[in-house]
Amino acid sequence: MLKIIPLVLLVSAFNAYADTDYSDMDHWLCHPDNPNFCAQDQTATVVQPDGSTMVEAFTPAKDPAIDCLYVYPTVSMDNSGNSDLLPNREEARGIEAQFARFGAACRTFAPIYRQITLTALRAGITGEPMSIDRDLGYGDVKAAWEHYLANENDGRGVILIGHSQGSGVLTQLIRAEIEGQPVQDKVIAAYLIGSSGVLNPPGKDVGGTFKHMPLCRSTNQTQCIVTFASFRDTIPPPENTRFGRARNPDMRHLQAACNLPGALGGGPAPLVAYLSATGDSLSGPTQQPSWTGDDTRITTPFVRAPGLLTGECVTHDGFSYLSVTVNADPADPRADDIAGDV
């Protein structure tokens, strides 16, 4: 997972923007009173090593005991430095690919927020930086969190889920508003994925980015963190990546945190991965090789291929990351690779 982030962006204050009112259901991509994007089809085709297939239906929980709140990654293609509050296909795709499936276990909440756009990031890469406001998106997510606590939580446990920019925003929120405070008791866990924003002293599960919320190390632990940035085992992090270690060289005495949900205590584990049937990723369309040797037509949006992928948190040349192995078997008819890399 090689991601390129621009080194220079111009920052300006968007003082003309009003605070976002999260009592307005139009400001939620997913909400129990407005399921909207979380109602997208999550049906998957299970492809076995022998090439046989079966359709796996998705069933949302009818009366879940817990909540999940999701902050999506950098997806907006708006032409401004910060996105507006009108969702487009890219926000919907983020929900479809990363969050709607959590409806099997929890009530789903996903605020739209005025994030830094892909347009701005790409402009920075080309040497023509755009004006952005880094505080604007955080302010929106903070307001959504406060609205949720005041009007929706009612003492329920909640899992915080973010990816990429969303993980960064949630990391900021946890540090400022949650950890070490009474509200921490409500947090079952925080999944801060696709980011290297959680740093700890080597060999420690807390004491760096977070002072009160450690990495999760068992399935019955709460008020803890799950985090990783992933790379193929055949393509370890290159020197110029901004993932897998501290971005600031002065923080390199700390190690990027990594823990895999299927092996919280360490070691390898099979990945129960729901993959795009076509291979498309949030960064754009790609082409997935045929999932079966006889080119069986896959009509569901997702594919699950048991045993195809294995993950393990590893350290290598100063990096700490989730190494993903594709367990290819040329002798069987199932696909030997997956598409969708960034």
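## Buried or exposed

A residue counts as buried when its relative accessible area is under 20%, as exposed when it is over 50%, and as partly exposed in between (1.4 Å probe, protein chains only). This is a predicted model: local features need pLDDT of at least 70, side-chain atom pairs count only at pLDDT 80 or more, and totals for chains, interfaces and linings use all residues. Residues are numbered from 1 along each chain as its sequence is written, and side-chain values use heavy atoms, with hydrogens and water left out.

Take two loop residues. Helices (H or I, at least four residues) and strands (E, at least two) are DSSP runs, numbered from the N terminus. Gln184 lies in the loop between H4 and strand S9 (187-193). Is Gln184 buried or exposed? Its relative accessible area is 9%, so Gln184 is buried. A contact means heavy atoms within 4.5 Å. Not counting residues up to four places away in sequence, Gln184 touches Ile178, Glu179, His212, Met213 and Gln223.

Asn79 sits in the loop between S5 and H1. With a relative accessible area of 70%, Asn79 is exposed. Leaving out residues up to four places away in sequence, Asn79 touches Thr119 and Met130. Thr117 is 38 residues from Asn79 along the chain, yet their C-alpha atoms are separated by 7.9 Å.

## The disulfides

A disulfide is a pair of cysteine sulfur atoms within 2.5 Å. How many disulfides does the structure hold? There are four. Count the bonded cysteines along the chain, and the pattern is 1-2, 3-4, 5-6, 7-8.

The link of Cys68 and Cys106 is left-handed, with -110 degrees about the S-S bond. Cys68 lies in strand S5 (residues 66-71) and Cys106 in strand S6 (residues 106-111), so the pair ties together parts that are 38 residues apart in sequence. Cys68 and Cys106 are both buried.

Another disulfide joins Cys216 to Cys224, with an S to S distance of 2.0 Å. The torsion about this S-S bond is about 95 degrees, so the link of Cys216 and Cys224 is right-handed. Cys216 is buried at 4% relative accessibility. Cys224 is buried too, at 0%.

Cys258 and Cys313 also form a disulfide, 2.1 Å from S to S. Their link is left-handed, with -75 degrees about the S-S bond. This pair connects distant parts of the chain, 55 residues apart: Cys258 is in the loop between strand S13 (255-256) and strand S14 (269-270), while Cys313 is in strand S17 (residues 309-316). Cys258 is buried at 9%, whereas Cys313 is partly exposed at 25%.

## The sheet

Strands of a sheet pair through backbone hydrogen bonds, either parallel or antiparallel. Here two strands pair if DSSP finds at least two bridges between them. Six strands form an open sheet in the order S2-S6-S5-S8-S9-S11, and the pairing is mixed. Which strands are at the edges? They are S2 and strand S11 (224-228), and each pairs on one side only. From one strand to the next, the twist averages 20 degrees.

S5 and S6 run parallel and are joined by four bridges. Asp67 has Arg107 in S6 as its bridge partner.

## Helices on the sheet

Axes are lines fitted to C-alpha atoms, for helices over the stretch in contact, and angles run from 0 to 180 degrees between N-to-C directions. Helix H1 (residues 89-99) lies across S2, S5, S6 and S8, at about 135 degrees to S5. H3 packs on the sheet as well, touching S2, S5, S6 and S8, and its direction makes about 165 degrees with that of S5.

Helix H3 (residues 134-153) has 20 residues. An expected span is 1.5 Å times one less than the number of residues in the helix. H3 reaches 27 Å from its first C-alpha to its last, close to the 28 Å expected. Its buried residues include Leu136, Tyr138, Val141, Trp145 and Tyr148. The buried residues of H3 pack against strand S2 (28-30), S5, S6, strand S8 (158-163) and helix H4 (165-178). Just after H3, Asp154 takes a positive phi of about 55 degrees.
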